[in-house]
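Thanks for making the time this morning.

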Amino acid sequence: AKGGAKGKKGDNEVEEAGPTPAETPSYALDIAIRAIDNGLSILIPSDKNAAAAAKMYQTAGKSSQLKILQHMLLFACFVELQRHNFSVAAVIGADLIGLNTKEHPLAPDVLSTAITYTVEALCMLNRPMAALKILQMMNVSEIISSDATPDSKMRVEALFVNLVIAHIANGSWKSAQVLVTNLLSKFAGTDVDDASRNTVTKCATLLQVYIELAQGKKEKAVELLAVSPVYPPLL
């Protein structure tokens with residue numbers, strides 16, 4: 001499917017897990033999803049899916065088209081989440097995360113945002129274990145480090161996150177939570193650019209969500225995601 005904006009299934013199947021909240025989407029969201037779907041139809045040939053189209057652009061060295069495709073998928077995921085089409089949003093998010101490879105990594109802000117949307121969609125589908133699996137595959141410190149600039153403190157924050165992850169691995173939930181809270185408050189006072197700050201904030205929130213899901217507290221995880229809404233980064 002071309003990102004799933006029309007409700008088609010994508011590269012990574014996500015099963016329905018019971019009924020989802022039914023609300024009539026706003027006129028603006030209807031217009032947005034049609035525009036996004038039209039854009040994806042141009043970017044993704046009829047005989048390819050999102051992954052194949054991305055590979056095509058990578059092979060041809062068309063980095064601009066690849067970046068636009070990634071952002072279009074991210075916007076599609078965001079809009080479907082707002083429309084409460086959680087199963088579609090989860091599929092699109094999983095497809096986008098699947099485009100992140102060692103050879104062609106997604107931009108840190110795109111990847112962290114895609115993970116946030118996918119985790120939220122899976123939680124709303126009452127699939128906390130699937131959300132937890134997405135978070136377990138996430139290399140938070142790598143996302144933060146790759147966003148670093150020579151004069152920033154991002155790599156220090158990445159080491160800080162590694163310590164949080166170590167506590168999580170050992171089941172020291174209280175210690176992990178304290179460190180995440182300290183990370184958020186400490187980073188708020190640094191002088192790095194907004195994009196880097198947003199990346200760390202999203203990653204810290206995802207770590208908090210991971211801690212709650214790992215303890216079986218799905219409602220708390222959903223609450224954390226709702227407190228700080230994440231908007232797609234601009235091109």
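Let me begin with the crossing of helices H3 and H5, which is left-handed; please keep in mind throughout that this is a predicted model. The contact draws on His71, Leu74, Cys77, Phe78 and Leu81 from H3, and on Val110, Thr113, Ala114, Tyr117, Glu120 and Ala121 from H5. Sorted by class, the residues of this contact of H3 with H5 are 8 nonpolar, 2 polar and 1 charged. As for the geometry, H3, which covers residues 63–82, packs against H5 at an angle of about 30°, and the two axes are 10 Å apart, which makes H3 roughly parallel to H5.

Now to the other partner of H5. Helix H5, residues 108–124, and helix H6, residues 128–137, have axes that come within 7 Å and cross at roughly 165°, so H5 is roughly antiparallel to H6. Here, too, H5 passes H6 in a left-handed crossing. On the H5 side we find Ile115, Thr118, Val119, Leu122 and Cys123, and these meet Pro128, Ala130, Ala131, Ile134 and Leu135 in H6. By class, this contact of H5 with H6 has 9 nonpolar residues and 1 polar residue, with no charged ones.

Let me finish with H6 itself: which of its residues are buried? They are Ala131, Leu132, Ile134 and Leu135, and, viewed down the axis of H6, the buried residues fall within an arc of 155°, so they line one face of the helix. The face of H6 turned away from that buried side carries Met129, Lys133 and Met137, which are exposed.

Technical notes
Residues are numbered from 1 along each chain as its sequence is written. This is a predicted model: local features need pLDDT of at least 70, side-chain atom pairs count only at pLDDT 80 or more; totals for chains, interfaces and linings use all residues. Side-chain values use heavy atoms; hydrogens and water are left out. Axes are lines fitted to C-alpha atoms, for helices over the stretch in contact, and angles run from 0 to 180 degrees between N-to-C directions. Helices (H or I, at least four residues) and strands (E, at least two) are DSSP runs, numbered from the N terminus. Angles under 35 degrees count as roughly parallel, over 145 as roughly antiparallel, 65 to 115 as roughly perpendicular and the rest as oblique. A crossing is left-handed if the near helix is turned anticlockwise from the far one by less than a right angle, and right-handed if clockwise. Contact means heavy atoms within 4.5 Å. Ala, Val, Leu, Ile, Met, Phe, Trp, Tyr, Cys and Pro count as nonpolar, Asp, Glu, Lys and Arg as charged, and the others, Gly among them, as polar. Buried means under 20% relative accessible area, exposed over 50%, partly exposed in between (1.4 Å probe, protein chains only). The arc is that of the directions from the helix axis to the C-beta atoms.
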